[in-house]
Amino acid sequence: MPSLPRVVPFAELGRQDLGRVGGKNASLGEMTAKLGAAGVRVPAGFATTAEAYGEMLTAHGLRGRIEEQIGRLLRGAPLDEVGASIRSLMLAESLPDALEAEIVSAYEQLGRACDRENPEVAVRSSATAEDLPEASFAGQQETYLNVCGPDQLLDACRRCFASLFTDRAIDYRQRMGFDHLTVALSVGVQLMVRADLASAGVIFTLDPESGFPDVIVVSAAWGLGETVVSGRVDPDEYTVFKPTMKDPALDPVIGVRIGTKRIKTVYAHTGLTRTEGTPETERSQQVLDDAEIRTLADWAVAVEQHYGCPMDLEWAKDGLTGELWILQARPETVQSRRHTATLRRCRLTTAPDAPLVDGIAVGEAIGRGPVVALDHPVDLDHFPSGGVLVTGVTDPDWEPVMKRASAIVTDHGGRTSHAAIVSRELGVPAVVGAGDASHVLRDVREVTVSCAEGEHGHVYGGLLPYEESEEDLESLPITRTHVMLNLADPSAAFRWWRLPADGVGLARLEFIVAHQIKVHPMALLHPERLDSHDLHLIERLTEGYPDRGSYFVDRLSHGIARIAASRWPAPVVVRTSDFKTNEYAKLLGGRPFEPEEANPMIGWRGASRYYDQGYHEGFALECRALRRVRETMGLTNVVVMIPFCRTLGEADRVLDTMMQEGLVRGRKGLQVYVMAEIPANIILAQDFAERFDGFSIGSNDLTQLTLGIDRDSESLAHIFDEADPAVTRSIGTLVARAHSLGRAVGLCGQRPSDDPAFTEFLVAAGVDSISVAPDSFATVKQHVAYAETHPRSTQ
């Protein structure tokens, strides 16, 4: 008989009990005892101990019989045969009488505490080697939901014990070097939260793809959380910015992505659970409101601070009471093990054709190989090493196959699905939630899977060339001249958080409008001018937004906020929209609002649109989004920049228009810059400097208008040169005149990345910052350092 109890309530457990009840149950006890004061709610329950597991093995002579089977495995017996034999041995035996009695007694006491006879409970496995910093056993063993009554409970406990020897669990321990018989299993029994009537999901206390530490990422779907964890559903995803959570007056939710949520798991009438289709009204509906997102984020921060490391949590909402609960918490084991001083980069070295399928990118790598489309796991002999696994959804039974894959593509799942979690741990790129990939790719011979292009993963036909590199960030020099980033895609912003950049010198709104909003802003405000086809498409895009203008503001503000958060608190210069009329016309619903111009490059663009009757309502939406980011979300590091401002009168009219929308230069620290890309900006630099806080040189347009060359002309490309003396002298003049009034001058463009001599000129001219694409940052940083230590004349 063990000297310690076989069953212990969660309230009597803590982190120190990991060896007795496993990481999952020890964590539930720790949160119950230590985090209640922070408002964190954990459903009551109890756990069996490692001593009880050992007693079970001893009572039936199971230990010796299991040792014999493990010996067979080590001598070459098939894994599936050994695993099945061990599980059969364990399921053939009943639990020891004393253990059965203590489990039933604890269950009855749980029922009395909640005033319910035979309450529904979740029965979860918790291995004693689980949730260690060097390994993650999460998902290796079984969980049973909606278990009701002593008989179901005891049967579920037996099945949990046997699941310590699933094929995937045996294989994982073999790879990680754990002795099979020194790892014990504890069973956690926890009151069910009626999430079948509401919702559930997963929380990470960092961005699970990039490791960016300043955000909480909450995934949510209708029904029990099993569909989210397994990856069978595409959940909502909410991103919360930690630094602004400290101020209750601010809205820290900087990103909302609505998932399709086509299925959900609910209680079955005969016990346990079943899966059903989600009603159409729920599929497009946001699962959590802002107050609930914030509550979960607050709890996640409290848990992370208590444990002192990034965490992975599961949560549920009770549909009967409306209360939120934390069901599990474990250390995050992928990003927390990465070497943060090294940045690994992958990029395609050829321009690809349109992707065959798209989905959510997992990881930041590229993989390629022959397509292996499967409906069920197969023996390893039937899966070629380096194949691209394509399937509907994965679960732990797929893991041996996943380890052999060069990339993984699934039809279903989000960033917290099984396929996503295991792919990160294995370092294998994956595209999840790709819709009909298993159908589209089934007859394709070879593909390239790219997760190196931001939040969206792409699957291209053929074996495309690509390159990998690693950058030691600690070796980069410190420079007096600021080196900043050009960012356009919000979904890729977190990828570059490790770069020691001095902020973002250029964030272009056009990318967000074209790729995340997709609709011309005036079409949202004036649907009466649209044809029936465009109107129908816009109605589908803006479903759930009674005010279509708020759709534009919501999407745009979230995109800007994500970029601003990635560099907080360094400055992020956001340029207001600078589409040309032909580009605006290509947006959904754009044609009725755009004139046809012979030369759009020098036509109705930039500042001239913002006060014009034809667009000022659209610019007002841009201003509302910028104001929301700065004042409601609290990202005051956003600097607004006005492009293509031709005259001083135009500058005054734009600033006055912004003021009418509440964006007042100088109020709440707002700085407003102007692009220096027209000779008039140079000639009247001191006058523009009286109206703006800084300049950003657009070298392409400045060269175009100084030399009188269409920058897109192939026949004149040989004389289009940003280093032409007329252009460089203009830059030098601007810097001197701006500095005489205390105004900063930066340059954003490709030339410094390609031409070290041009970088040297900029440093010698005294520019305050150079802004470049992220993949050029390290090279330009080194060129700037060289120029600062080897000064040259600007003449």
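Me: Is arginine 262 buried, partly exposed or exposed?
Reply: In this predicted model, arginine 262 is found in the loop that joins β9 (253–257) to β10 (263–267). Buried would require a relative accessible area under 20% and exposed one over 50%. The relative accessible area of arginine 262 is 48%, so the residue counts as partly exposed.

Me: Which residues does arginine 262 touch, not counting those up to four places away in sequence?
Reply: A contact here means heavy atoms within 4.5 Å. With residues up to four places away in sequence left out, the partners of arginine 262 are Val233, Glu276, Gly277, Thr278 and Arg283.

Me: How many Å separate the C-alpha atoms of arginine 262 and glycine 363?
Reply: Along the chain, arginine 262 and glycine 363 are 101 residues apart.

Me: Is lysine 261 buried or exposed?
Reply: Lysine 261 also has its place in the loop between β9 and β10, and its phi is near 50°, a positive value in a residue other than glycine. Its relative accessibility is 0%, and because buried means under 20%, lysine 261 counts as buried.

Me: Is aspartate 115, with its positive phi, buried or exposed?
Reply: Aspartate 115 is not a glycine, yet it has a positive phi of about 60°, and its place is in the loop between α5 (97–113) and β3 (121–127). With a relative accessible area of 71%, against a limit of over 50% for this class, aspartate 115 is exposed.

Me: Where does the proline of the cis peptide bond from tryptophan 568 to proline 569 lie?
Reply: The peptide bond that runs from tryptophan 568 to proline 569 has omega near 0°, and is cis. Proline 569 itself lies in the loop between α18 (548–567) and β25 (572–575).

Me: What kind of aromatic pair do tyrosine 545 and tyrosine 551 form?
Reply: The structure holds nine aromatic pairs. In the one made by tyrosine 545 and tyrosine 551, the ring centres are 5.5 Å apart and the planes stand at 80°. Tyrosine 545 is partly exposed at 22% relative accessible area, whereas tyrosine 551 is buried at 0%. Since planes over 60 degrees apart fall in this class, the pair is edge-to-face.

Me: What kind of pair do the rings of tyrosine 610 and phenylalanine 619 form?
Reply: Tyrosine 610 and phenylalanine 619 are both buried. Their ring centres lie 4.0 Å apart with the planes at 10°, so the pair is stacked.

Me: Which residues form one aromatic cluster?
Reply: Here the question concerns a group of rings. The members of one such aromatic cluster are Phe212, Phe494 and Trp497.

Me: What radius of gyration does the protein chain have, and what would a compact globule have?
Reply: The C-alpha atoms fill a box of roughly 95 × 55 × 50 Å along the principal axes, and the secondary structure comes to 29 helices and 30 strands. For 795 residues, a compact globule would have a radius of gyration near 28 Å, which agrees with the protein chain's 30 Å.

Me: How far apart are the centres of the positive and negative side chains?
Reply: The protein chain has 78 positive and 111 negative side chains. Taking each set as a whole, the two centres lie apart by 2 Å.

Conventions. Residues are numbered from 1 along each chain as its sequence is written. This is a predicted model: local features need pLDDT of at least 70, side-chain atom pairs count only at pLDDT 80 or more; totals for chains, interfaces and linings use all residues. Side-chain values use heavy atoms; hydrogens and water are left out. Helices (H or I, at least four residues) and strands (E, at least two) are DSSP runs, numbered from the N terminus. The radius of gyration is taken over C-alpha atoms; the globule rule is 2.2 Å times the number of residues to the power 0.38. Lys and Arg count as positive and Asp and Glu as negative; His and the chain ends are not counted. The place of a charge is taken as NZ of Lys, CZ of Arg, CG of Asp or CD of Glu. Rings of Phe, Tyr and Trp (its six-membered ring) pair if their centres lie within 6.5 Å; planes under 30 degrees apart count as stacked, over 60 as edge-to-face and the rest as tilted. Buried means under 20% relative accessible area, exposed over 50%, partly exposed in between (1.4 Å probe, protein chains only).
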